[in-house]
Amino acid sequence: MFGIDPSFFSSLLQVIMIDLVLAGDNAVVIGLAAAGLAKDVRKKAILIGIIAATVLRIFFALITTQLLSLGGALLIAGGVLLLYVCWKMYRELTVSHEDEEEATEALEDADLNADGTVAGKAPRKSLRQAVIQIIIADVSMSLDNVLAVAGAAQHHFEALIFGLALSVVMMGVAATFIARLLHQYRWIAWVGLLIILYVAAKMIYEGADQWLGYTLPHIPFIYSGAGGH
């Protein structure tokens, strides 16, 4: 209708959901790392984490989209990496409510559970320890985000650019708000996990088609043949 490909809107919705869930997930990890810090340095660690995640998303966006366009083997590798992302997300979604609340308190610098402290139960650590922990997590999660967006928007360049730009904005501007949203509405994160699992399966199947050199059987909603177009 109106000359617009319906699959574009499907890709766009997937991209938005992936960005929402992974930005919140990344923010919670930053909050968990910063929760053990004294109040005067906690905000500094969170700011470093969010800036690092934003910069890394831009960097990985520049290289990952080029790599995924090189052929089927790299698509398969990207899909397998996303399966690992799903496993990590599942583990993070099953983290205790108390730990997640500590992370959210650290991000918002607020006593949400009314116990008289802000992230008071988290193990104490130095700023250096927290920043190293945050940077390592940011590298992994920024790559995860870019891979998932590239996989969801593979054949729609506009959706890809929109998704990568949105992921940068979400981490730079709205990460704390999104983390609290996912804390309150857990089902959003579970839906995001299922979407990333779908994208991983799609990438692996399409990559196998390109790598093997012949068209694999059609699978509804996953693969339509001829490279997924």
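This is a predicted model: local features need pLDDT of at least 70, side-chain atom pairs count only at pLDDT 80 or more; totals for chains, interfaces and linings use all residues.

What follows is a close look at one helix and its surroundings.

Biologist: At what angle do helix α1 and helix α6 pack, which residues make the contact, and is glycine 31 buried or exposed?

Modeller: Two packed helices are described by the angle between their axes and the distance between the axes. Helix α1, spanning residues 6-34, packs against helix α6, residues 157-173, at an angle of about 20°, and their axes lie 9 Å apart. Because angles under 35 degrees count as roughly parallel, α1 is roughly parallel to α6. The crossing in which α1 passes α6 is right-handed. On the α1 side the contact is made by Phe8, Ser11, Leu12, Val15, Ile16, Asp19, Leu20, Ala23, Asn26 and Ile30, while α6 contributes Glu158, Ala159, Phe162, Gly163, Leu166, Ser167, Met170 and Met171. Sorted by class, this contact of α1 with α6 comprises twelve nonpolar, four polar and two charged residues.

Helix α1 also holds glycine 31, which is buried because its relative accessible area is 0%, and buried means under 20%. Leaving aside residues up to four places away in sequence, glycine 31 touches Ala103, Ala106 and Leu107. Glycine 31 is eleven residues from arginine 42 in sequence, and the C-alpha atoms of glycine 31 and arginine 42 are 9.0 Å apart in space.

Conventions
Residues are numbered from 1 along each chain as its sequence is written. Side-chain values use heavy atoms; hydrogens and water are left out. Axes are lines fitted to C-alpha atoms, for helices over the stretch in contact, and angles run from 0 to 180 degrees between N-to-C directions. Helices (H or I, at least four residues) and strands (E, at least two) are DSSP runs, numbered from the N terminus. Angles under 35 degrees count as roughly parallel, over 145 as roughly antiparallel, 65 to 115 as roughly perpendicular and the rest as oblique. A crossing is left-handed if the near helix is turned anticlockwise from the far one by less than a right angle, and right-handed if clockwise. Contact means heavy atoms within 4.5 Å. Ala, Val, Leu, Ile, Met, Phe, Trp, Tyr, Cys and Pro count as nonpolar, Asp, Glu, Lys and Arg as charged, and the others, Gly among them, as polar. Buried means under 20% relative accessible area, exposed over 50%, partly exposed in between (1.4 Å probe, protein chains only).
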